[in-house]
Amino acid sequence: MRLLWILGFTVAIASADDLPRQALEILSTNCIGCHNGELKIAQLDLTTREGMLKGGERGEALSPGDPLKSRLYRAAAHLDQPSMPPGKKLQDWQVEVIKRLSSGWIFQGNYTWSKTLGDYDGEDTALTQSFRTLRNLSLDKKRLSYDRLHVFRSNGIWELPFGPGKLIGNNAHRVVGKIIGGWQTGSIFNAFSGAPVNFTAVNAFNTVSGATPVAVGSVPTGAVQRVGNGVVYFSGYQHVVDPCVAQITTLQNLQSRSTLRAIADASGKLLLVNGQPGQLGMQQNMLRGPGTFRLDVNLIKNISVRERYKIQIRADAINLLNKTQWGNPVTNINSATFGRITTATGNRTITFNARIDF
Ligand code: HEC
């Protein structure tokens, strides 16, 4: 692939970016050597969240909802004795990460704006076969297939603040505590622009790969639209016989055998036609297909029964908002289904699950 340029920048929405991995790394390099399941110095096991909640000799190490009370944070920030790790202090940012870990919610998100231009998509050995002409490779300059103008991704986990060790109901009756505690919800939300698409056509004399139509009027722009008998992306256009068909001889019914079509606007003015000898057609990947918008959410209830058993009941909703993820439209101007979207994914599914660990 000859990549011409990629331009982009990313903004991390929350400074809690990458928190779980970061927190895990900080704990495992600085704390877990002593506070693990086997060694458990001061009765403290920092390898699991349960272990943190349970705490050590002095009591719980985490106070979800109130990081300032969390022993884990106070020890790492040298606010209380014993200050940890023994004999040294973590860097300020590491202490900050531990503080966030203590608060019971984690959110990370990022937004990227980018544009990726190149003249060949992929890295296979067929490099030379896919150019429209080997005499001028740069005629294939286009947005590459993985170019996405906007990408927004986020995910979060939130332990609901009810029950033992939490803001509300900390001192509730044991049974009530079991019912209202241990709830956690999480979400993944992604939204991005569609993939680049291009109109395709044929070039009657010179069958090059990736042939595109010649734009003789304004280029149609797309948007998903439901119509009586389906879904269209390019609407208000007419499918007409390509004007070049008129030049084909009528002898032996040759002309009527041509299936070449052109796109015209509502008033019949031609917009896209098939290329004639010597014409290359418009640039590839000029348009964007439909974007993606998806929210996945889960709700988890953890119940621990004595020391040994852990029960987890969870509901996972994939595509909670039931937003259809439309496939790319048919962009071949010679196809009878030009402009239609014929594929889609993204049914909402909700799965319920129960698990017992022992
Ligand atoms: C070299 C071993 C060692 C490492 C590494 C270490 N600790 Fe400790 N930790 C101890 C010892 C020993 C105690 C008991 C000290 C005492 O009771 O005076 C302790 C006690 C604690 C306590 C109090 C537990 C209780 O309830 O009594 C907390 C909280 C704690 N450590 C957190 C951490 C954190 C957070 C880290 C990493 C940043 C860490 N420790 C790294 C050895 C270690």
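**A walk through the predicted model**

The buried residues of helix α4 are V97, I98, R100 and L101. Buried means that 20 or more other C-beta atoms, placed from the backbone, lie within 10 Å of the residue's own; with 12 or fewer a residue is exposed, and in between it is partly exposed. Seen down the axis of α4, these residues fall within an arc of 160°, so they line one face of the helix. The arc is that of the directions from the helix axis to the C-beta atoms.

This is a predicted model, in which local features need pLDDT of at least 70, side-chain atom pairs count only at pLDDT 80 or more, and totals for chains, interfaces and linings use all residues. Residues are numbered from 1 along each chain as its sequence is written.

Now the whole chain. Its secondary structure comes to six helices and 18 strands. Helices (H or I, at least four residues) and strands (E, at least two) are DSSP runs, numbered from the N terminus. Of the 358 residues, 25% count as buried. Two residues are in contact if their C-beta atoms, placed from the backbone, lie within 7 Å. Among contacts between residues at least 6 apart in sequence, 66% join residues at least 24 apart.

Next, the cores. A nonpolar core is a set of buried Ala, Val, Leu, Ile, Met, Phe, Trp, Tyr and Cys residues joined through C-beta atoms within 7 Å. The largest one has 17 residues. Those with the most contacts inside it are L46, M52, A61, L72, Y73, A76 and I98. Two or more residues come from each of α1 (19-30), α3 (71-76) and α4 (92-101). Helix α3 gives the most, with four residues. A second, separate core of 11 residues includes A262, L271, L272 and I333.

L72 sits in helix α3. It is buried, with 25 other C-beta atoms within 10 Å. L72 and L101 are 29 residues apart in sequence, yet 9.5 Å apart in space, C-alpha to C-alpha. L46 is in contact with L27, C31, I32, H35, G51 and M52, leaving aside its neighbours within four places in sequence.

C31 leads on to the ligand. Of the 23 residues around the ligand, C31, C34, G56, R58 and M84 come nearest. A residue counts as near a molecule or strand if its C-beta atom, placed from the backbone, lies within 6 Å of it. Helix α3 gives the most to this shell, with four residues. By class, the shell has 14 nonpolar, six polar and three charged residues. Ala, Val, Leu, Ile, Met, Phe, Trp, Tyr, Cys and Pro count as nonpolar, Asp, Glu, Lys and Arg as charged, and the others, Gly among them, as polar.

Turn to the strands. Two strands pair if DSSP finds at least two bridges between them. Four bridges join β10 to β11 (261-264). Here Q238 stands opposite A264.

Further along, β14 (292-305) and β15 (309-318) pair in the antiparallel sense over nine bridges. V297 stands opposite A317 in β15. Nine bridges also join β15 to β18 (349-357), again antiparallel. The bridge partner of D316 in β18 is T351.
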